[in-house]
Amino acid sequence: MTASDFESMTLSDLLALASAEDRAAFDDLWLGYTETWGAPALRHEIAATYETMTDKNILCHAGAGEALYAIPRVLLDKDDHVIVPTPNYQGAETIPLSICEVTGVPMDHTPGRNQKGGWRLDIDRIKHAIRPNTKLISVNFPHNPTGLLLARDDLDALIALCRDHGIYLLSDEVYRGVEIDPEDQMPQVADLYEKGISLNVMSKAYGLPGLRIGWIASQDTDLLQKVERYKHYLSICNSGPSEMLALIALRSRDGILKRNRAIVTQNLLALENMLLDFPDLFEWSRPMGGCVAFPRYLGPDGGEEFCRKLIEESGVLLLPSSIYASDLGDTPADHFRIGIGRDQVFKNGLIALRAHLDKHYGDYRT
């Protein structure tokens, strides 16, 4: 139950969404090298998911991980400084840390602060972490693992800080489109800021990690050109069949995202109901988007031991918060990440998890 992506689909299911023209293009696809920037039709369709981007503002990658690696390598040197919130997706921290100094800004947690969860990124703490040599701030919303989304005022304040100091803002937006409340959806940074870099991928919100198609969008075409050149030392180009399949999926994105929002909403309510049956055992903050949640375990044996017993005795795997340990400072203890984007595997896992709780922690149940 650790999965950080949504329920995927079979090749035949995806091809069933294709127009006759796209299906013929897939069947007749030439299997040579593709363009390093990405197929023109794919870049055009990706650009259409933004407010102001055009084809020239899009660079495709072999998944999001390649872009997360390439951007710091192109942008940073040993005299620079980077700021990242913690906890975070590991690559956002460790790749810059291999190049230059990095400061972690811990996210605040106040359980029950509001009905949409108790996590918060304090923009003033970001402001106080800025140095004269700060080159990049790297963020991720909807956030992995907390599910936090920034309010528009906070996002605008963050962009204003970056603009005032000439700092690049890398925004990992891989869960965009599966917000629990669509009203909470954030604008994409590339549309708002001239030094903003938006990262997305087919793996997470679309549930198609096997395609290995990701991209970055930016108004800074000079930066995109440098990253494109660096890509020649990595994947060189994307898989042609994967690009065609990603194009088919993006042209059917409304239906795919609607399905995935329905799955995550149903699973979230089921998980929430179970955890609230054990109020003295779990501290719960509802995620605002994405497909992972980050509850806190309150039992006397501690979160690590709880997760260990759960996998060993009941065959349910959760991601204990020690996995989110950071070289930049302390991270929340006794939490665990649980994936809520899969379908049947989540339902089966929840049955096994509840049985484990009833067996070992019945005294905590209301």
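Strand β11 pairs with strand β14 (residues 336-339) in the antiparallel sense over 2 bridges; strands are DSSP runs of E of at least two residues, helices are runs of H or I of at least four, and both are numbered from the N terminus. Pairing requires that DSSP finds at least two bridges between two strands. The bridge partner of A293 in β14 is I338. These strands belong to an open sheet of 3 strands with antiparallel pairing and the order β11-β14-β13.

The model is predicted, with local features requiring pLDDT of at least 70 and side-chain atom pairs counted only at pLDDT 80 or more, while totals for chains, interfaces and linings use all residues. Residues are numbered from 1 along each chain as its sequence is written, and side-chain values use heavy atoms, with hydrogens and water left out.

Helices α11 and α13 (residues 344-360) pack at an angle of about 0° with their axes 11 Å apart (axes are lines fitted to C-alpha atoms over the stretch in contact, and angles run from 0 to 180 degrees between N-to-C directions). α11 is therefore roughly parallel to α13, the term covering angles under 35 degrees. The contact (heavy atoms within 4.5 Å) involves Q266, N267, A270, L271, N273 and M274 of α11 and F346, K347, L350, L353, R354 and L357 of α13. By class, these contact residues comprise 7 nonpolar, 3 polar and 2 charged (Ala, Val, Leu, Ile, Met, Phe, Trp, Tyr, Cys and Pro are nonpolar; Asp, Glu, Lys and Arg are charged; the others, Gly among them, are polar).

Pockets and cavities were located on a 1 Å grid over the protein atoms alone: a cavity is a set of points where a 1.4 Å probe fits but cannot get out, a pocket is an open set with protein on both sides within 12 Å along at least five of seven lines, and lining residues have an atom within 4 Å of a point. Volume is the space filled by probe spheres set on the points, which are joined across faces, edges and corners. The largest pocket has a volume of about 340 Å³. Of its 19 lining residues, T49, R176, Q185, Q188 and L257 lie nearest the centre. Helix α11 gives the most to this lining, with 4 residues.

The whole structure contains 3 cavities of 30 Å³ or more. The largest cavity has a volume of about 90 Å³, and β6 supplies the largest share of its lining, 3 residues.

Note on methods:
Angles under 35 degrees count as roughly parallel, over 145 as roughly antiparallel, 65 to 115 as roughly perpendicular and the rest as oblique.
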